[in-house]
Amino acid sequence: MRAVRSSFVFSALVVVAGLTWTSRAQAYRPFDGTDADVADTGDFEVELGPVHWYSQGDAHYLLAPATVLNLGLVHRWELVIDFQNYVGIDQPPGEARDRLLDTDVLLKTVLVEGSVQGKGFGPSVAAELGPLVPNIQGEQGFGASLDVIVSQHWRPLTLHLNNWVELSRGDLQPSWFEGLIIEGNQDEPVRPVSEWFVEYDSGSKRTSFSGLVGAIWHARDELDFDVGLREASLSGERATEVRLGLTWTLGIWDGH
């Protein structure tokens, strides 16, 4: 089974590498949460963080890469595959230096089309759900995830509220995540963004608080660049992350 997973991950990385050398793509970068929208039918979106820097307590890591792959399957539905490769800068006791974590295969659907899709002035509602698959050199077993997203777009401001429940891999202990993404004017080439969330893990009895500030540069129709600085408190232990990345869209087939 490990060999099969390794082969799948290697193939996915090859696809990402090929796209970044030949041809819109954070969780909607640079965030942990997402928005109530999906990729257009036939579009393949790559959300790529080539290298992130992350520290927690006395441990320091590079996330190389942090990746989300989105494929627009049919109208209002997309397939989401994501993973993050943790490389230990200091060798943490009892941990492998390289660990492929947060490996998920999810489906996302727009339940209510609204202001984000340009359909009236009301909120857009979406759901993202599916299995959490075993990590490589991390948590084993399967889990499950359900995120209900409500987004509201006004010209100067866009909000995305994430209501997220997960069952952890293996022991299926529930955790809860509530997050709010705030975006500035999307008509501007560069817009400020932020994200604020609280998370409770019933297995570890740990409550986490996090805040992110950053910016998104809309370089052209199919390409965005992003930067973010995240500070978190994990039951009193400080964590810091610097995120740099891009979102790139490639049309695979004509959705019409």
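Two strands are said to pair if DSSP finds at least two bridges between them. Strands here are DSSP runs of E with at least two residues, numbered from the N terminus.

## About the model

This is a predicted model, in which local features need pLDDT of at least 70, side-chain atom pairs count only at pLDDT 80 or more, and totals for chains, interfaces and linings use all residues. Residues are numbered from 1 along each chain as its sequence is written, and side-chain values use heavy atoms, leaving out hydrogens and water.

## Strand β3 and its partners

Let's start with β2 (residues 52-56), which pairs with β3 in the antiparallel sense over five bridges. Here S55 stands opposite H60 in β3. The hairpin of these two strands has two residues between them, and G57 takes a positive phi near 60°.

On to β4 (residues 77-88): β3 and β4 are antiparallel too, with eleven bridges. In this pairing L63 faces Y86. Strand β1 (residues 43-49) also runs antiparallel to β3, over six bridges, and L48 has T67 as its bridge partner.

## The nonpolar core

Which residues make up the largest nonpolar core? The nine are Y54, A59, Y61, L63, Y86, L101, A232, L234 and A239. Such a core is a set of buried Ala, Val, Leu, Ile, Met, Phe, Trp, Tyr and Cys residues joined through side-chain atoms within 4.5 Å. Buried means under 20% relative accessible area, exposed over 50%, and partly exposed in between (1.4 Å probe, protein chains only). Strand β3 gives this core its largest share, three residues.

## A residue in between

L62 also belongs to β3, but L62 is partly exposed, with a relative accessible area of 31%.

Conventions. Helices (H or I, at least four residues) and strands (E, at least two) are DSSP runs, numbered from the N terminus.
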